[in-house]
Amino acid sequence: MSAIPTEYPVTMTDGTNDYIVSNATEYVNAVYKLGHSPKADESAQRRRASKAE
């Protein structure tokens, strides 16, 4: 389950392209209507990758 951010802008990704959402309405549409996700920061991605090994 995803919490809605309280600070904007937020960088989102569709898996290929990154884009910015500037408010909660855009965020909800991106996540729940389009199935996109917030772009994880690089350190979080590295931690997940190291745990998978």
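D18 forms a salt bridge with K39, the closest N and O atoms being 2.5 Å apart, where a salt bridge is a side-chain nitrogen of Lys or Arg within 4 Å of a carboxyl oxygen of Asp or Glu. The pair links distant parts of the chain, with D18 in strand β2 and K39 in the loop between β3 and α2, 21 residues apart. The model is predicted, and local features need pLDDT of at least 70, side-chain atom pairs count only at pLDDT 80 or more, while totals for chains, interfaces and linings use all residues. Residues are numbered from 1 along each chain as its sequence is written, and side-chain values use heavy atoms, with hydrogens and water left out.

**Confidence**

- The mean pLDDT of the chain is 82, and 72% of its residues reach 70 or more, pLDDT being the predictor's confidence in each residue, from 0 to 100.
- Among the elements of the chain, β2 has the highest mean pLDDT (96), whereas helix α2 (residues 42-52) has the lowest (55); helices (H or I, at least four residues) and strands (E, at least two) are DSSP runs, numbered from the N terminus.
- Where pLDDT is low, the predicted coordinates should not be read in detail.

**The β1-β2 hairpin**

- Strand β1 (residues 10-13) and strand β2 (residues 18-21) run antiparallel and are joined by four bridges, pairing being assigned if DSSP finds at least two bridges between two strands.
- The two strands form a hairpin with four residues between them, and G15 in the turn has a positive phi of about 100 degrees.

- D18 counts as partly exposed because its relative accessibility is 41%, and K39 counts as partly exposed because its relative accessibility is 44% (buried means under 20% relative accessible area, exposed over 50%, partly exposed in between, with a 1.4 Å probe and protein chains only).
- T13, which is found in strand β1, counts as buried because its relative accessibility is 14%.
- The side chains of T13 and D18 are joined by a polar contact of 3.1 Å, a term for a pair of N or O atoms within 3.5 Å in which, within protein, one must be able to donate a hydrogen and the other to accept it, and residues adjacent in sequence count only if both atoms are side-chain atoms.
- A polar atom of the T13 side chain also lies 3.3 Å from the backbone oxygen of N17.
- Leaving aside neighbours within four places in sequence, T13 is in contact (heavy atoms within 4.5 Å) with D18, Y19, H36, S37, P38 and K39.

**H36 and A30**

- H36 has its place in the loop between α1 and β3 (37-38), and its side chain makes a polar contact of 2.6 Å with the side chain of Y19.
- With neighbours within four places in sequence left aside, H36 is in contact with M12, T13, D14, Y19, A30 and V31.
- A30 lies in helix α1 (residues 24-33) and is buried, with a relative accessible area of 3%.
- Not counting residues up to four places away in sequence, A30 touches M12, Y19, G35 and H36.
- A30 and D14 are 16 residues apart in sequence and 8.8 Å apart in space, C-alpha to C-alpha.

**A40**

- A40 lies in the loop between β3 and α2 and is partly exposed, with a relative accessible area of 24%.
- A40 and M12 are 28 residues apart in sequence and 8.6 Å apart in space, C-alpha to C-alpha.
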